[in-house]
Structure formats: C-alpha cells, structure tokens
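I would ask everyone to keep the structure in view while I talk.

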Amino acid sequence: EDRQASGAVLFDNCLDKWATFDEDGTRRLTIFTDGSCLDPLHRLARAGWSAILGNSSEDACVSGPVKSTVQTSYRAELRAVAEAICCAKVHYNVKSDCKSIVNQLNHYLVHRIRPQSTPAPRLWNFIYDMLDITPNDFAKFTWIPGHLDDEHKCEKYKSLFDSGLVTGSDKEGNILADKHAAKGANMHSLPPDIYTSIGDRANLT
C-alpha cells in the first residue's frame, strides 16, 4: 500500500476557507473522503480513493488508485482516510460515508484499543500509529450518508437534513469525493482489450 501523503502541501494554509467549528469553539478543517471499486466481483477489480478539502473546489483534492493486491471499496475508503490524516496539519474533521470505518475510528479515539481481527490490518495499524502521535482532540470522524444525489436517498435521510446533522455542504462534498474516487479507480493501467473483456463478461452475467 502506498502511504505517501501526496496532498500534504495542498492542504496547508487552507483552514480559513474550509474551517468549521465544534460546539466548544474548536476550529477544524473539513475533509471529505470516499472510496470506489470498479467491477468489484471481477478478478481485475480496480479500486480508487479520494480526499476532498471542503466541498466545491475541483483543485483542492487528492485521489489515486489503491496500490494493493486486494482491490475492494472498503480498502479504498480506508486508504482515503489515511491520506486525509497524513495531509491535515491542523484540527480536522474527516467526513466519510463508510459507517463501519467511522465507528471503528471513533472507538479507537476513546478506548485506544486495536481490534485483534480487522480487514486491511496493516493499513489500520498505520492509521492507529498516526492517531497515537497526534494531540488529543486533534482528530474527529463523522459519518455522513452517501450518494445523496439520488432522490430516494435524500428522502430516506430527510430527518438528518431537517435536524441539521447533515447539511447541503455535506451532500456536495460527498458527491465530489465519490466522483474523484471513481477517477482514482480509473487510474489503474489495463490494456483496452481487457476492458472489453470485462464488459463482455458483465453483459453475460
């Protein structure tokens, strides 16, 4: 797994534009993350990740392919979170639509216990190591529903919007993160005839 923080420079000096505030007044940088996997049931599945600073700038983002023998959307989601943690130099709030990852991260922040069994253990241990060397209250992780450009999803989560737990900015940020995660998945290099073969198989099954 490539763990280089390729977007570290990009995320410096951006707090003024994309800051949010906690109830206690803590100022945080908002980072939206997402993962994507193309042809997930195929042996040539390709996964990609993205981390988006704010919710409306095409320039303020980093994305890429998952560099691993294991190509899954879960690993892509986790890789995106790892990138966000590496990039942020100030208090931050990572917003992800992967509830299981957000729950595991928040459990670790409170209890500092590493599960004995978890998918992608090396990547998780890297994230835990990063969290261990950051100050208390530096990191915050928030779940937001995904694919809110779908009308049915918007209706399903209407109560979250009505209560203010999910905002229009969250919707825009998640949609943009999803878009760039798909771009990351498409960064895998495969010969054109392989893409054709994958498409043919999909049409037959």
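This is a predicted model: local features need pLDDT of at least 70, side-chain atom pairs count only at pLDDT 80 or more; totals for chains, interfaces and linings use all residues.

H3 covers residues 73-87 and H4 covers residues 99-111. Their axes come within 10 Å and cross at roughly 45°.

Which residues make the contact between H3 and H4? From H3 come Tyr 74, Glu 77, Leu 78 and Val 81. They meet Ser 100, Ile 101, Gln 104 and Leu 105 in H4. Sorted by class, this contact has 5 nonpolar, 2 polar and 1 charged residues.

H3 also packs against H5. Here the angle is about 25°, with the axes 10 Å apart. The angle is under 35 degrees, so H3 is roughly parallel to H5.

By class, the contact of H3 with H5 has 12 nonpolar, no polar and 2 charged residues.

Although Arg 112 is not a glycine, its phi is positive, at about 55°. Ala 120 lies in the loop between H4 and H5 as well. Its phi is near 50°, again a positive value in a residue other than glycine. Is each of these residues buried or partly exposed? Arg 112 has a relative accessible area of 35%, so it is partly exposed. Ala 120, with a relative accessible area of 8%, is buried.

I turn now to aromatic rings. A pair of aromatic rings is described by the distance of the centres and the angle of the planes. The count for this model comes to 5 aromatic pairs. In one of them, the rings of Tyr 92 and Phe 138 have their centres 5.8 Å apart and their planes at 80°, so the pair is edge-to-face. Where do these two residues lie? Tyr 92 is in strand S5, residues 92-96, and Phe 138 is in the loop between helix H5 and strand S6, so the pair ties together parts that are 46 residues apart in sequence. With 0% relative accessibility, Tyr 92 counts as buried. Phe 138 is buried too, at a relative accessible area of 12%.

Tyr 92 has a further partner. The centres of the rings of Tyr 92 and Phe 141 are 6.2 Å apart and their planes stand at 75°, so this pair is edge-to-face. Phe 141 lies in strand S6, and Tyr 92 in S5, so the pair ties together parts 49 residues apart in sequence. Phe 141 is also buried. Tyr 92, Phe 138 and Phe 141 form one aromatic cluster.

Beyond S6 we reach another loop. Pro 145 lies in the loop between S6 and helix H6, which covers residues 151-156. At 1% relative accessibility, Pro 145 counts as buried. What does Pro 145 touch, if residues up to four places away in sequence are not counted? Its contacts are Asp 97, Tyr 157, Leu 160, Val 166 and Asn 174. Asn 174 is 29 residues from Pro 145 in sequence, and their C-alpha atoms are 8.3 Å apart in space.

Finally, the whole protein. It has 9 helices and 6 strands. Of its 205 residues, 46% are buried. Among contacts with a separation of 6 or more, 67% are between residues 24 or more positions apart.

Thank you for your attention.

Definitions and conventions:
Residues are numbered from 1 along each chain as its sequence is written. Side-chain values use heavy atoms; hydrogens and water are left out. Axes are lines fitted to C-alpha atoms, for helices over the stretch in contact, and angles run from 0 to 180 degrees between N-to-C directions. Helices (H or I, at least four residues) and strands (E, at least two) are DSSP runs, numbered from the N terminus. Contact means heavy atoms within 4.5 Å. Ala, Val, Leu, Ile, Met, Phe, Trp, Tyr, Cys and Pro count as nonpolar, Asp, Glu, Lys and Arg as charged, and the others, Gly among them, as polar. Rings of Phe, Tyr and Trp (its six-membered ring) pair if their centres lie within 6.5 Å; planes under 30 degrees apart count as stacked, over 60 as edge-to-face and the rest as tilted. Buried means under 20% relative accessible area, exposed over 50%, partly exposed in between (1.4 Å probe, protein chains only). Angles under 35 degrees count as roughly parallel, over 145 as roughly antiparallel, 65 to 115 as roughly perpendicular and the rest as oblique.
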